[in-house]
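These are my notebook entries on a single chain region, written while I examined the model.

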Amino acid sequence: MDTCSERGQDSIGDAGSPIVVIGYPGLGDLVRSHSLIQMIAAQNPGRPIDIVARCLTVEIAEFMSEIREGIGTDFQHRRLNPVARIALSNTLRKRDYGTAYIVQSSFKAALVPFFAQIPERIGWAEECRRPLLTRPRFGMRRLSRMVDRTCWLCVNDDQNVPANWPEPQLRVPASLQGE
């Protein structure tokens, strides 16, 4: 595990404990995850939010004002990578996260927050992951759009689904904008 980039209530986790989002590996998918991150921030004011993603994409988190820190990983694609996952789990455990949102629906993605002993683990109950989650979500296959599948993790009640998800809003400092 390598940190590639750093920036300085309905929950099992402590009201002030940090939240970690285990994000998608791809850049476009990570940008789409910003809709979820905005919802998490709105529902949990004052709780710091970090995101775990691939080193090649995690730097985009610098442009998401709700993100405190991006934590980079270099897991080999389609491999379990047990040593790297255990190392990341140990790092996350030391940071005392109260809640983890597991955006990916793979079994491997749910292992890290489980081994990190994060008390509240929210994700889709796919690929036999249900025992690894404390708040499993069901019905992912009925949602055709990726943004729906991502943001639905933050919905606590089917009756209170927003009409529209927040749009990604990356904030690029003027010093990095081209002319």
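Predicted model: local features only at pLDDT ≥ 70, side-chain atom pairs only at ≥ 80, totals over all residues.

I placed proline 18 in the loop between strand E1 (2–5) and E2.

I then listed the contacts of proline 18, leaving aside neighbours within four places in sequence. The list holds Arg47, Pro48, Arg68, Arg95, Asp96, Tyr97, Gly98 and Thr99. For aspartate 96 I also noted the C-alpha to C-alpha distance to proline 18, which is 7.2 Å, although 78 residues separate the two in sequence.

Next I checked the length of H3 (residues 82–94). At 1.5 Å a residue, its 13 residues should span 18 Å, and the end C-alpha atoms are 18 Å apart, so the two values agree.

Which residues of H3 are buried? I found Arg85, Leu88, Ser89 and Leu92. These four cover an arc of only 105° around the axis, and therefore lie on the same side of H3. I noted the general rule that an α-helix has 3.6 residues a turn, so residues three or four places apart point the same way.

I recorded what the buried residues of H3 pack against: strand E2 (19–22), strand E3 (49–54), strand E4 (67–73) and helix H4 (107–115). On the face of H3 turned away from its buried side, I found the exposed residues Val83 and Lys94.

Notes
Residues numbered from 1 in each chain as written. Heavy atoms only, no water. Helix = DSSP H or I, 4+ residues; strand = E, 2+ residues; numbered from the N terminus. Expected span 1.5 Å × (residues − 1). Buried < 20%, exposed > 50% of the residue type's maximum accessible area, 1.4 Å probe, protein only. Arc of directions from axis to C-beta. Contact = heavy atoms within 4.5 Å.
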